[in-house]
Amino acid sequence: MNTATIAHDGHGHGDHHPSGIMRWLTTTNHKDIGTMYMTFSLLMFFLGGLMILLVRAELFQPGLQFLKPEFFNQLIGNHALIMIFGALMPAATGFANWQIPLMIGAPDMALPRLNNWGFWLLPPAATLLTLPFILEFFGVGDGALATGWTFYAPLSIQGGIGVDFAIFAVHILGISSIMGSINIIVTIFNMRAPGMTMMKLPLFVWGWLITAFLLVITLPVLAGAVTMLLMDRHFDTHFFIAAGGGDPILFQHLFWFFGHPEVYILLLPVWGLIPHVLSTFTRKPTYGYKAQVYSFIAIGVLSLVVWAHHFFTAGMPVPALLYFMYSTMSISLPLAVLFFCWVATMWRGAMTFETPMLFALGFIVLFGIAGLTGLVLADVAADAQYHHSYFVVAHFHYALFTGGIMGVMTGVYYWLPKWTGHMYSEKLGKLHFWLTVISFNLTFMPQFFLGLAGMPRRIPDYALQFAEFNAISTVGAFILGFSQLIFAWNIWKCIKGGEKAHAKVWEGAEGLEWELPSPPPHHSWEVQPKVA
Amino acid sequence: MNPKESRRPFLGVSSWLLSSNTKHQANQVPSLTTERRPSLLRRIGLLAAGLFLPVLPALADYKFNFPEPATPLARDTLHMHNEFMLIITVLFVVVFAIMIYSMIKHRKSVGAQPAKFSGPTGKLQWFWVLVPFAILLFIDFILMGIPAFHAVIDMEDTQTKADMVLKVTGMQWKWQYEYPDSGIKYISTLTTPRDQIENKADKGENYLLEVDNPVVLPVGKKVRVVITSTDVIHTWWVPQFGVKRDAVPGFLRETWVKIDKPGIYRGQCAELCGKDHGFMPVVVQALAEPEYAAWVEKKKAEQAAAATSSDRAWTKDELMAQGAKVYNTVCAACHQPNGQGLPPAFPALAGSKVVNTPLLSADGKLLPDTHVFRVMNGKPGTAMQAFKNTLSDVDLAAVITFERNSFGNTQGDMIQPAQIKALR
């Protein structure tokens with residue numbers, strides 16, 4: 001993409017802004033807000049990681065060592081909620097805030113005050129979610145949500161105040177995400193640089209556009225489902241209680257109508273950024289731009305109509321089973337188009353292997369395992385064996401850790417020099433990559449076998465035949481967890497200083513964001529560039 | 001990335017091989033364990049483990065595939081699983097090989113010049129773009145789709161030619177088994193001692209997978225299994241049977257099993273159902289037809305004896321002794337062996353307001369929200385179930401009497417099984 005005009009510098013706008021904490025509380029600047037999202041995400045990543053390391057420590061050997069089963073159940077569900085709503089979604093929104101205006105040639109997001117509010121709803125929500133842990137310590141209530149992140153009724157109707165706290169946390173997180181999504185949709189539709197038609201939109205922005213629509217469509221359903229749950233808990237309604245004419249499975253339908261698109265909400269922004277990274281480090285144009293855009297749209301639409309494959313074992317009529325099986329399998333088609341385009345982009349390029357490229361390649365390979373095991377999980381009869389077992393746990397960590405978290409890391413290493421104006425340490429980055437990839441496989445590969453051998457999910461103690469693989473998995477998890485400190489250290493060093501980054505950080509980088517200085521001026525594009 | 005690591009889940013590939021497991025065979029009745037040839041699969045597994053995990057001892061315990069199937073459904077599933085794993089392994093290896101080739105050949109450091117193409121050009125290229133798509137369509141809906149279709153139809157056909165019905169009821173945290181044909185009904189709970197779980201004693205061979213009353217089924221008969229729950233959702237799962245079905249409160253779900261040969265088959269609850277989700281195993285004892293018939297007769301006689309015993313007058317000592325037994329198997333998981341409970345979710349019985357209510361009204365009627373009422377009818381929305389559905393008259397009378405006179409509760413009174421019978 002070429003621009004006819006390069007923006008002039010943006011000095012002289014920062015001096016009437018508050019400083020210190022007030023700067024962050026009142027900021028409406030997309031870059032400040034993006035930074036806050038990313039920082040919040042990193043903190044939550046470590047909090048969620050800490051929780052699961054406690055779980056893995058307990059599972060190192062058979063028998064109950066450190067945790068009571070009640071507390072164990074609280075940790076697993078909150079680990080998931082914090083990783084999904086606290087780490088992955090805010091990270092994606094952080095990218096959107098930082099990158100969308102830079103990439104489409106806009107001065108800022110379209111709705112800056114809404115943007116600020118959207119972020120500042122997150123800390124209260126995270127507090128609500130985790131407060132019951134602390135309250136229990138002081139003898140109030142019986143701890144946090146202990147139903148797993150899925151809130152399945154009637155277990156969640158039985159649960160203590162942790163469930164109520166989690167319901168309100170989900171409400172607030174949902175409002176925050178919907179506001180963020182509306183802002184992103186409005187920005188993309190209205191603030192593109194002249195000449196940037198929809199079919200010239202960078203793929204990252206396309207990925208986020210579909211994500212934003214999915215969020216706006218599905219989050220109200222989740223909010224409705226948990227509100228009905230709240231009603232059942234406190235106001236004697238019977239939406240999910242069979243004795244009063246309700247149906248517990250209705251909750252699962254409502255939850256997964258949100259929950260399945262949620263998977264793609266977490267993945268689409270990453271699928272959007274991977275082509276940029278591949279194209280940069282292969283020094284070759286993205287292969288199949290249009291095919292990728294149409295695949296995003298197809299996946300977005302399909303994700304809305306396959307939800308029931310998350311509870312095949314709950315019992316459904318045969319036609320429903322067949323429908324959800326085949327519709328789920330059909331997602332593999334647009335996904336295969338994406339894989340094809342990624343590999344074709346690499347083909348006959350001139351590759352170099354900087355940290356973002358390593359993460360992108362690791363993402364493709366490991367996410368491939370998630371996709372392929374997802375294909376077999378779609379088979380209802382085989383799913384009877386995989387479901388509720390560690391096979392599923394391994395599958396969705398291949399999807400969400402490599403697809404989600406490693407995708408986010410790809411983006412962070414790729415754009416961090418643009419954001420901070422300094423280069424990160426390539427040596428630490430590579431160390432971080434290799435430790436992450438090896439320990440990730442050490443953690444989750446054994447879990448496939450555990451699942452096949454018959455170990456159910458969410459149990460605090462297990463039969464002796466599962467001992468060896470669990471021990472390996474725990475060792476892997478601890479290496480994986482501690483390796484992430486390198487990531488945090490590298491980011492910190494990069495913010496504090498380091499080699500100066502050019503405007504065009506990477507030799508092969510293409511796109512509007514690389515035409516602004518690093519770091520970009522306060523009002524990113526004061527004069528919109530013209531896209532040819 | 002680590003390609004060798006990544007390929008490991010797919011080692012269990014070999015559709016002609018069905019057997020892979022060792023532990024589950026060990027779990028079976030010894031006399032029934034016949035030939036045990038180390039399968040090719042297992043050897044590959046061992047080789048892989050030897051290659052990639054050289055530091056780990058006890059290789060015999062590593063398993064890379066489903067346990068040995070014991071029903072036609074499980075055999076089908078394993079077959080399909082092996083076939084699918086083969087397919088996805090091939091897909092993975094092909095795509096990964098292309099990537100590796102590209103990463104080696106098309107790198108800047110070996111002087112590669114970047115090409116300029118950004119999509120297929122010309123008919124030949126379009127052909128090569130569409131070929132993988134067509135292959136995937138074929139795999140999805142023909143190669144995988146057709147066997148999957150038949151497997152689903154087979155799995156869901158619970159009623160055709162069913163020989164008998166077993167009703168399974170999940171409850172926090174035990175299973176109840178009911179044989180509608182013969183009227184047999186009993187509860188099955190974990191027997192692994194607390195000391196083993198808390199690492200104060202050595203763990204037994206069937207740690208966490210052992211129960212007091214296993215469900216007994218005949219071999220070679222198609223058993224229609226009807227599943228429900230009294231409180232939250234549970235899942236009845238025996239890996240060797242290849243079936244897993246949720247127990248949904250207020251609804252009936254069904255599946256079926258037809259066990260090939262006698263033996264003990266072990267599984268677990270697979271849906272998070274609260275505190276002791278990890279401690280409600282499923283143990284199935286499969287018997288040959290004559291032994292099964294004998295077992296049914298024996299069980300029926302036992303139940304008849306229990307029914308008549310509820311008509312006679314029991315002494316307080318008898319009730320206290322029986323009550324302690326019932327309390328420890330049924331109530332102690334929540335209310336704790338010392339009656340202190342785990343408040344606020346599971347209230348203490350020691351000094352409890354409910355326990356220390358009057359037994360019955362002056363004219364022998366049930367009063368609402370009293371001790372007897374709560375034990376019989378439960379408390380909706382909590383783990384406290386309506387035990388009149390699952391416990392016998394004797395057990396109810398015994399446990400109520402026991403609770404009123406233990407943990408520092410000194411009501412001094414007792415209730416007779418006959419009284420409970422009249423209250424039902």
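Colleague: Where in chain A does A:Pro519 lie?
Modeller: This is a predicted model, in which local features need pLDDT of at least 70 and side-chain atom pairs count only at pLDDT 80 or more, while totals for chains, interfaces and linings use all residues. Residues are numbered from 1 along each chain as its sequence is written, and chains are lettered from A and ligands numbered from 1 in the order in which they are written. The peptide bond from A:Ser518 to A:Pro519 is cis, with omega near -10°. Helices (DSSP runs of H or I, at least four residues) and strands (runs of E, at least two) are numbered from the N terminus, and A:Pro519 lies in the segment after helix 17 (467-496) of chain A.

Colleague: Which loop holds A:Pro154?
Modeller: A cis peptide bond leads from A:Ala153 to A:Pro154, with omega near 0°. The place of A:Pro154 in chain A is the loop between helix 5 (122-137) and helix 6 (155-158).

Colleague: Is B:Leu208 buried or exposed?
Modeller: B:Leu208 is not a glycine, although it has a positive phi of about 70°, and it lies in the loop between helix 6 (194-197) and strand 4 (215-218) of chain B. A residue is buried if 20 or more other C-beta atoms, placed from the backbone, lie within 10 Å of its own, exposed if 12 or fewer, and partly exposed in between. Because B:Leu208 has 25 C-beta neighbours inside 10 Å, it counts as buried.

Colleague: Is B:Lys161 buried or exposed?
Modeller: B:Lys161 also has a positive phi, of about 55°, although it is not a glycine, and it is found in the loop between helix 5 (122-156) and strand 1 (164-171) of chain B. Since there are 10 C-beta neighbours inside 10 Å, B:Lys161 counts as exposed.

Colleague: Which helix of chain A gives the most to the side that touches chain B?
Modeller: Two residues are in contact if their C-beta atoms, placed from the backbone, lie within 7 Å, and the contact takes 89 residues from chain A and 96 residues from chain B. On the side of chain A that touches chain B, the most comes, with 10 residues, from helix 13.
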